[in-house]
Structures are given as structure tokens and as C-alpha cells.
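Dear colleague,

Please find the structure below for your attention. My findings follow directly after it.

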Amino acid sequence: MKPIDDFSYVKNNQVSKDMTNLIRLYLPIVGSDAVVVYQYLTSFYDGGQKKHKFAEILNHTLFDLPRFEEALAILTGIDLVAFYQDLSHYVIELREPLSPQTFLANPVYRRLLESHIGDVAVADLEMADLSQLRNLSKKFSQVFSDKGEVDLQPLQSKTNFDLESFKQRMTLDGLYFGHEKQDVIALNNLCEKFQLTWFDAYQLAKETASHHKILPKRMLVKLQQPQEADAEDFSREEGVIIREAKQSTPETFLAKVKTGLGAVTTTAKEKKILADLVEMDFLDEVINIMVVYYFKCNQSATLGRNAMMSLANIVSSSKATSAEAALRVLSQHSQAYSKGKRREQAKQTSSSVPDWSNPNYKEETSPEEQARLDELKKQMLSKLERGGD
């Protein structure tokens, strides 16, 4: 878009110039620049009679082009303007602000307004509750015949995320929001971007929740997760690890691995490390692969924060969002996290299977120590193959 480009209004698209709802409901959300642009468009609307230059708007509002484009984008996002383009010029369609009842009945718009002016101020904008009064209004079919052509459909908002149904399912399953206002807006955006129903969104929220807390950022990671091909390039041992990583929460998975190593309890520090990785938006299956590789590279039965965060940096920088991808990425870096025990043969034939999962693996140590390690590795892999039984 350039200042010299042409635009025209949609024919017969006159909207009300009453700015009451625009100022009361939309201004705190869209800001003054967007309101100024909307007022200009409604004030200079000409019925679509001729073309105009964007320079006319810039001259009158004293905006530069980027400032105008940002304001226009905001107006389209909240459904006050629709913006089109054909081969020769742009077209602007004006939309009327929603009524207070319609606006505040929309859970996303309401929470967005609450985040700007507060719950109390939004409640003051609500119309009085008429539910206890007797409604004497007629139904459409009672007023118009079957041949009636008048369309009295109320204005519909662009956003249709069914928050009430979503929250009912949350109550049944014991889920909760960490930050409801922000989470509701994020859920709505996910539904719009990925064409999800509220039920689709709920199923995904339940799958990616941590300790019953809904995490929209992890939902986004899951939605953007690339489709993995059949795991034919993975060995049987790798398949066991991937399968169990996808089925277990990090705490459950860690407990199984530690049991295989002869450890009994998961410490509070270990749980904090896993919780921090969840807050960093890693999916459970990816965290579980990090756990496997931690024990591959460290002679310890307890997770260490620094080493786990190093693995997290590797996975994050490689944008690995699935167990398969994390397994491939970490297999290429496992040598760097084995306490300097880099052997030339391992560099050439490095497997993505942790050493303890290979029945032919032999460590350069005493026979007695080797026998003890082999038994621990056997127990760990057996534990995963049995699914933690």
C-alpha cells in the first residue's frame, strides 16, 4: 500500500455515526489512532461514488503510512472494518460497533476489555438483568408471514469461541486456567487460526495440560508439531523409548527410569526441574527424551539442573517438538555430554539409543562394576518395555 494508491467505499454501506459504543467499548482496546481512522472513514463515507487516495486520509489525520496501516489492521481485527483488494484498487467496508449486550456477551471481547479497564468498570457497562421479568415481545414468526422478506438478524461478532461449554468440561475434568483473561484470548486465537471447534480446543488443552493447568503455549507447540513419518528408521529399543515418552507425564516417566536405575524416590528439586521445562513450553514427550539422555550422559541417579538445561537449549535451538525429533537431535550431541569420553568409534557409529538400552554395550571398567551396570541398564529398559508395571 502506498499513499498514491486508490481506494473506494462499498456502495450503500452507510453506518451509524453514533460514537457512543465505539468510545465506551472499543477505545480502551483499539487505542486512539484506530478510533480516529474509524471516525474519518465514517465521516467521509461517500456511498462508493468515486475513488480516493490514501493520501487524503494521511493528510487529514496527520498520520504517516505505517501509523495508518497499523490502525487499519486493528480495526479489521476487531471487525469494525473489512479491507479488500482487486486488481486496480482497494475497497473498504464499514462495520457498526456491536451493542453493549452483544459485545459483553462475547467472552473474548469481554475479557479483553476487562484486561484494559478492569472487571468493575466492565460490569458497570452491563445492561440491567431482565431475566426475572415477563417477556411480552413477539417472535418473528408471530409478526411476519412466511413470505416476509425483512431480515432482523442481530449483528454477529467474528469470534464464536464457546467459553461456557469449554469451562463446563474443565469443571468435570478438574482443569483450571493459570491466567483466565489471557488464556481465553489465546484459546480463541488458536481456534481461529487452526479452524478448531471449542471441543477440539478442549481436547488439545486436556492433552497438553500440566497438573491440570491449561497451557495455551504448549497447545500451540502441539498444533505446529510436524507430522512424523513411520518410525522405520528407529531400532526396537528406540521404539520402546519413543512409545513410553509419548504415553507418560514427565514425573511418571522419570520415576520409571529411576526405578530401573535402582533409585526409589523423585526429589522436590527434580520435580522443579520438570515443572520449569513445562513452563518453557516443552511437550511432555520431548521432556521425557531429555530425561533419557541425561542418564545416558551422566553417572547419576538424580537429575541435575545445569545438564538438563543444556539439553533443553540443544532441543530448543533445533526446534525439535516431538519425541522423534528430540531423539534424533540429542543423538547427534550425546558425545558432548558424556563427561569427555569421546571415542573415535562412537563418533563414526553413534546410535541414538542410550548406551544402557543396547544389550551388547560394554563400558571400559572392572568386571564387577560392569556386571552391576549391565544389571541396572537391563532393569531400566525392562521397566520401560513393561510400561512401568
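Leu-133 lies in the loop that runs between α7 (119–123) and α8 (140–143); helices (H or I, at least four residues) and strands (E, at least two) are DSSP runs, numbered from the N terminus. With a relative accessible area of 56%, Leu-133 is exposed (buried means under 20% relative accessible area, exposed over 50%, partly exposed in between, with a 1.4 Å probe and protein chains only).

The model is predicted: local features need pLDDT of at least 70, side-chain atom pairs count only at pLDDT 80 or more, and totals for chains, interfaces and linings use all residues. Residues are numbered from 1 along each chain as its sequence is written, and side-chain values use heavy atoms, with hydrogens and water left out.

Overall, the protein has 20 helices and 6 strands, and 42% of its 389 residues count as buried.

The structure also holds 15 aromatic pairs (rings of Phe, Tyr and Trp, the last by its six-membered ring, pair if their centres lie within 6.5 Å; planes under 30 degrees apart count as stacked, over 60 as edge-to-face and the rest as tilted). One of them joins Phe-166 and Tyr-202 edge-to-face, at 5.3 Å centre to centre and 80 degrees between the planes. This pair links distant parts of the chain, 36 residues apart: Phe-166 belongs to helix α9 (residues 163–173) and Tyr-202 to helix α11 (residues 198–208). Both Phe-166 and Tyr-202 are buried.

Finally, one aromatic cluster is formed by Phe-7, Tyr-9, Tyr-45, Phe-54, Phe-68, Phe-83 and Tyr-90.

Yours sincerely
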